[in-house]
Amino acid sequence: MKFIETKLKGAFIIDLDERVDRRGFFARTFCMKEFIDHGLKPTVAQCNLSFNHKKGTLRGMHYQTPPATETKLVRCTQGAIYDVIIDMRPDSPTYLSHIGVELSAENRRALYVPDLFAHGYQTLTPNAEVVYQVSEFYTPGYEKGLRYNDPALAIEWRLPVTEISPKDATWSLLLEPVSVGV
């Protein structure tokens with residue numbers, strides 16, 4: 001695997017190191033030792049699969065708080081997505097900064113999402129399928145979220161949103177408008 005650190009410390013794009021022959025190629029998609037060697041958390045508590053019918057579908061921006069923080073290894077196995085992560089670590093120099101990466105069945109990239117990073121994605125194709133390896137069990141009482149279109153984050157999504165859950169559409173804004181009384 002090829003680990004490419006992003007501007008958000010601890011977040012990595014992971015490309016395959018393909019061993020090619022006339023049959024095609026072979027590559028590792030996960031290796032506990034290599035993750036540890038890069039300072040990453042190799043724990044896998046559960047694996048999730050998300051299938052999305054429509055191009056423009058948006059899922060996110062989710063994260064879990066202590067003691068149930070989770071890392072994720074996200075890969076698109078069919079179609080393409082624009083995957084976005086936001087640094088939610090209050091003491092980080094990149095707090096509230098984000099990056100976006102295109103993950104697709106064609107480029108076979110993965111994105112490693114560290115603890116205390118919000119994560120979400122938008123489908124760039126119909127019938128997009130996404131696989132997550134997650135380090136912690138989903139714990140609803142510790143789930144938080146950010147609004148995908150929060151002006152304070154200024155995320156530039158690639159397409160108009162065609163589908164979104166009511167929960168994802170109504171997360172609170174970071175800076176809610178203040179109403180002034182008369």
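Which residues does Thr6 touch, not counting residues up to four places away in sequence? In this predicted model, they are Ala11, Phe12, Ile13 and Ile99.

**Thr6**
- Thr6 sits in the loop that joins strand E1 (2-5) to strand E2 (12-15).
- Its relative accessible area is 15%, so Thr6 counts as buried, the cut-off being under 20%.

**Annotated active site**
- An unreviewed UniProt entry lists His62 and Tyr132 under "active site".
- The two are spread over 71 residues of sequence, yet they cluster in space, with a largest C-alpha distance of 13.2 Å.
- Both His62 and Tyr132 belong to the lining of the largest pocket.
- His62 is part of strand E6 (residues 58-64).
- Leaving aside neighbours within four places in sequence, the contacts of His62 include Lys72, Phe117, His119, Glu143, Asp168 and Trp171.
- Tyr132 is part of strand E12 (residues 128-134).
- Tyr132 has 12% relative accessibility, and therefore counts as buried.
- Not counting residues up to four places away in sequence, Tyr132 touches Gln46, Cys47, Asn48, Ser50, Lys72, Leu73, Val74, His119 and Tyr121.

**Largest pocket**
- The volume of the largest pocket is about 370 Å³.
- Its lining is made of 19 residues.
- Nearest the pocket centre lie Asn48, His62, Glu70, Lys72 and Tyr132.
- By type, the lining residues are five nonpolar, eight polar and six charged.
- At least two lining residues come from each of strand E5 (46-52), E6, strand E11 (117-123), E12 and helix H2 (166-169).

**Nonpolar cores**
- In soluble globular proteins, nonpolar side chains tend to be buried together.
- The largest nonpolar core here holds 18 residues.
- Ile81, Ile85, Leu103 and Leu111 have the most contacts inside this core.
- Two or more core residues come from each of strand E7 (72-78), strand E8 (80-87), strand E9 (98-104), strand E10 (110-113), E11 and E12.
- Leu103 touches Val74, Cys76, Ala80, Ile81, Asp83, Arg109, Ala110 and Leu111, not counting residues up to four places away in sequence.
- A second, separate core has 15 residues, among them Tyr82, Ala118, Leu124 and Trp157.

Methods: Residues are numbered from 1 along each chain as its sequence is written. This is a predicted model: local features need pLDDT of at least 70, side-chain atom pairs count only at pLDDT 80 or more; totals for chains, interfaces and linings use all residues. Side-chain values use heavy atoms; hydrogens and water are left out. UniProt positions are given in the numbering used here, feature names are shortened, and annotations may be inferred rather than shown by experiment. On a 1 Å grid over the protein atoms alone, a cavity is a set of points where a 1.4 Å probe fits but cannot get out, and a pocket is an open set with protein on both sides within 12 Å along at least five of seven lines; lining residues have an atom within 4 Å of a point. Helices (H or I, at least four residues) and strands (E, at least two) are DSSP runs, numbered from the N terminus. Contact means heavy atoms within 4.5 Å. Buried means under 20% relative accessible area, exposed over 50%, partly exposed in between (1.4 Å probe, protein chains only). Grid points are joined across faces, edges and corners, and a volume is the space filled by probe spheres set on the points. Ala, Val, Leu, Ile, Met, Phe, Trp, Tyr, Cys and Pro count as nonpolar, Asp, Glu, Lys and Arg as charged, and the others, Gly among them, as polar. A nonpolar core is a set of buried Ala, Val, Leu, Ile, Met, Phe, Trp, Tyr and Cys residues joined through side-chain atoms within 4.5 Å.
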